[in-house]
Amino acid sequence: MRIAFAGNPNSGKTTMYNALTGENEKIGNWAGVTIGRKEYPIKTEYAGSGEEAIAVDLPGAYSMSPFTPEESITSGFVRDEKPDSIINIVDATNLNRSLFFTTQLLELGIPVIVALNKSDLAEKQKITIDEKLLSEKLGCPVIKTVSTDNEGLIEVVKEAVASKGKEQKAPYVQADIDLHDKSQVDAEDRKRYAFVNEIAKQVEKRAILAKEETREDKIDKVLGNKVAGIIIFAAVMFVVFYVSQSWLGPIIADWLVAWIEVFQGWVATQMESASPLLQAIIADGIVGGVGAVVGFLPLVMVMYFLIALLEDCGYMARVSAIMDPIFKRVGLSGKSIIPIIISTGCGIPGIMASKTIRDERERRATAMLTTFIPCGAKIPVIALFAGAFFSGSAWVSAAMYFGGILLIFLGALLIKFITGYKYRKSFFIMEMPNYKLPSLKRACFSMLERAKAYIIKAATIILVCNCVVQIMQTFNWQGELVAEGMENTSILASIATPIAVLFIPLGFGVWQLAAAAVTGFIAKENVVGTIAVVYSITNFIDTEELALVGGANEVAMTMGLTTVTALSYLVFNLYTPPCFAAIGAMNSELKSAKWLWGAIGLQFCTGYTVSYLVYQIGTIATQGTVGNGFLPGLIAIIIMVLVVASVARHSRRRFDREYALHGGKTGAAV
Amino acid sequence: MYGDGAIYVQVFQIKEKMIDMNLNDADIGVTYTVKEIVTDDDELGSFLFRLGCYSGEPVTIISRNRKGNMVLLIKDGRYNVDSNIAEAIHIETEA
């Protein structure tokens, strides 16, 4: 049997779903986290030994007539796919609003069980709800639950399973009206609300009126303050990056890398008798390359843990509200900050999170720009270059994230300029959920899930890439082994060298780095993996050792980069189009080939231009002359600017034509 | 008689204009009654309704910052809204 989990946004549906199924779907303390439906069987300890019960988690909805895409998924599913019963998760701290949806669900004829969730929060706010009376009035079971504590869950599932096949009687039935007539629909909705108000009045007692200022409101005043709020937010994010990439992360990584080296040594001894070629491929290429990437895992894990805490406590909604005025100026929504923060973990869920933005242009712009903020896969790249060239300074990574945000703003302005939508009025409304102490358990789960995904990715995609790269650099086109010092005759070199020409104006026109950048499109971690393979270096984390071993670092010398060119290379890899998987996510979100190629074009041009500027300006600053390829690079960038300008002009002319009052076509499609 | 009627109509029209107030003009902490939602965006009107913000229902401003964003209390829920939404929510001037 199938049981649907329906209810208002942020009422605790997914938390309950995770508890009952053992799955680990994404949760966050703000409305709009669940964006699609998920289903999975309920564990037998809850469902009993009878027929299998499948839980279907749906996005939050305020009512059956949909306003947002999430609501239409819910109302569509419930209406068309007729689940056997519905568990309606109701936020006990907002009974009045929640019951509107409840009464609609009760009209469907499918058995409904109301889970009065967040009962612990309701108690804290001195709200008492008479669930027996409520149950009488609604005509369905009402069970108090606390889904973060597994309280009441067994009863809820038991009732749901027992209700199969029964008919649900509705306490309130909507009159038969013409659903297309807005005024009739309005009138009916008001009647329904009046019914709901009456029930709530009888069933709920509040010792503290909702409008009284609470301690949370006082906190919100500080956090939401125009100036202090932003400073606090910047400080919070800086702490997250610092702890994960410059303090706790590297400490754990040090320990891990030591073990990886031991493993590498063991593999080498095991293979002593094998051919040197095989030794090179396996010990250096595979173990070394993958090991280099896995060595950075602790940094990513700590980051994920901290971001999960942030998402759970309810702060994100406040951040969204603070950022709205700023984001509005560049043509984005305050809601755009949430995909951006999620993207610091991984860009793919970040891009998907932009679904909650209602305005189409704001949504598309967010999806396109959110990958400018460095994701978890880019952390190894940042850490590598910060360690090898900047003595592991925390300011490098801070600058990369700050740069990402700056580019998001500039990119948004550019999109606004190109699409020409200047006078669009957009609305911002975001529910402020209750603050809660973030669950350490949840954060650990999230961190371990991510670690698992990271290791799997390393053991599959990155492994394969490293193998291929290693083989391609070991052989030349005649199938012979390449001699020491003759690496530039290898297959890899011959393919990468033409590409490297493009990078000369950026300061890294070397085939090895070009190859690494290209493999970065398969997975950003590959930049590190490929560099490890191509330069036969495996320990990137131990910056102290590197510093002790040789001034200017062995790594730096091997790669033949200066600080300027290293920074330029880093910037290029961070701000170019993301990995193919993320591009795929962008495609499904943008839903238009034109926008997709525009996005890729924008990202590539941005990475190229910023990298060019860093290299040329840096070279002028440190050496007093321009770098290599100054003129060709400048020409390339001028061409990019001209293309953008012409696209903008074309798009604006079309805009003007459509909206011209006289002489223009009317009703032209966008 | 004609003169008196004209003056009465004029005064009535001025009074109507004065009564049209939206949340951007409202005070913090006072519970107002919503008069109507004025917007071109139908879906916004429906959305606000579902949250419990419609004519005849109470709404309170919990806090407001200088940018015009404010936190509203609508039916036990707190929502952060921008000045565009506040503009759309028209309220009765008598408390």
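Predicted model: local features only at pLDDT ≥ 70, side-chain atom pairs only at ≥ 80, totals over all residues.
# A first look at chains A and B

- Six strands of chain A make up an open sheet with mixed pairing, and their order is S2-S3-S1-S4-S5-S7.
- Strand S2 (38–41) and strand S7 (142–144) of chain A are at the edges with a single partner strand each, so one side of each has no neighbour in the sheet.
- On average, neighbouring strands of this sheet are turned by 25° against each other, direction ignored.
- As background, strands of a sheet pair through backbone hydrogen bonds, and they can do this in a parallel or an antiparallel way.
- Strand S5 (residues 112–117) of chain A runs parallel to S7(A), and three bridges join the two.
- Within chain A, Ala115(A) stands opposite Ile143(A), a residue of S7(A).
- Helix H6 (residues 131–138) of chain A lies across S5 and S7 of chain A, at about 155° to S7(A).

**Where chain A meets chain B**

- The contact draws on 39 residues from chain A and 35 residues from chain B.
- The size of an interface is often given as the accessible area lost when the parts come together.
- For chain A and chain B, the buried area is about 3,500 Å², and carbon and sulfur atoms give 55% of that area.
- The interface of chain A and chain B holds twelve residue pairs in polar contact, with both residues at pLDDT 80 or more.
- On the side of chain A that touches chain B, at least two residues come from each of these elements: helix H4 (95–106), helix H8 (182–203), strand S8 (204–206), helix H9 (215–223), helix H13 (315–329) and strand S9 (429–431).
- That side of chain A is made up of twelve nonpolar, nine polar and 18 charged residues.

**Links between the two chains**

- Three salt bridges are found across the interface of chain A and chain B.
- Arg206(A) forms a salt bridge with Asp76(B), and their closest N and O atoms are 3.3 Å apart.
- Strand pairing also crosses between the chains: S9(A) pairs with strand S5 (residues 77–81) of chain B in the antiparallel sense, over three bridges.
- Here Ile429(A) stands opposite Val81(B), which belongs to S5(B).

Technical notes
Residues numbered from 1 in each chain as written. Chains lettered and ligands numbered in written order. Heavy atoms only, no water. Contact = heavy atoms within 4.5 Å. Buried area = accessible area lost by both parts, 1.4 Å probe. Salt bridge = Lys/Arg side-chain N within 4 Å of Asp/Glu carboxyl O. Polar contact = N/O pair within 3.5 Å; in protein donor to acceptor, adjacent residues only side chain to side chain. Helix = DSSP H or I, 4+ residues; strand = E, 2+ residues; numbered from the N terminus. Nonpolar A, V, L, I, M, F, W, Y, C, P; charged D, E, K, R; others polar. Pairing = 2+ DSSP bridges. Axes fitted to C-alpha atoms, helices over the stretch in contact; angles between N-to-C directions.
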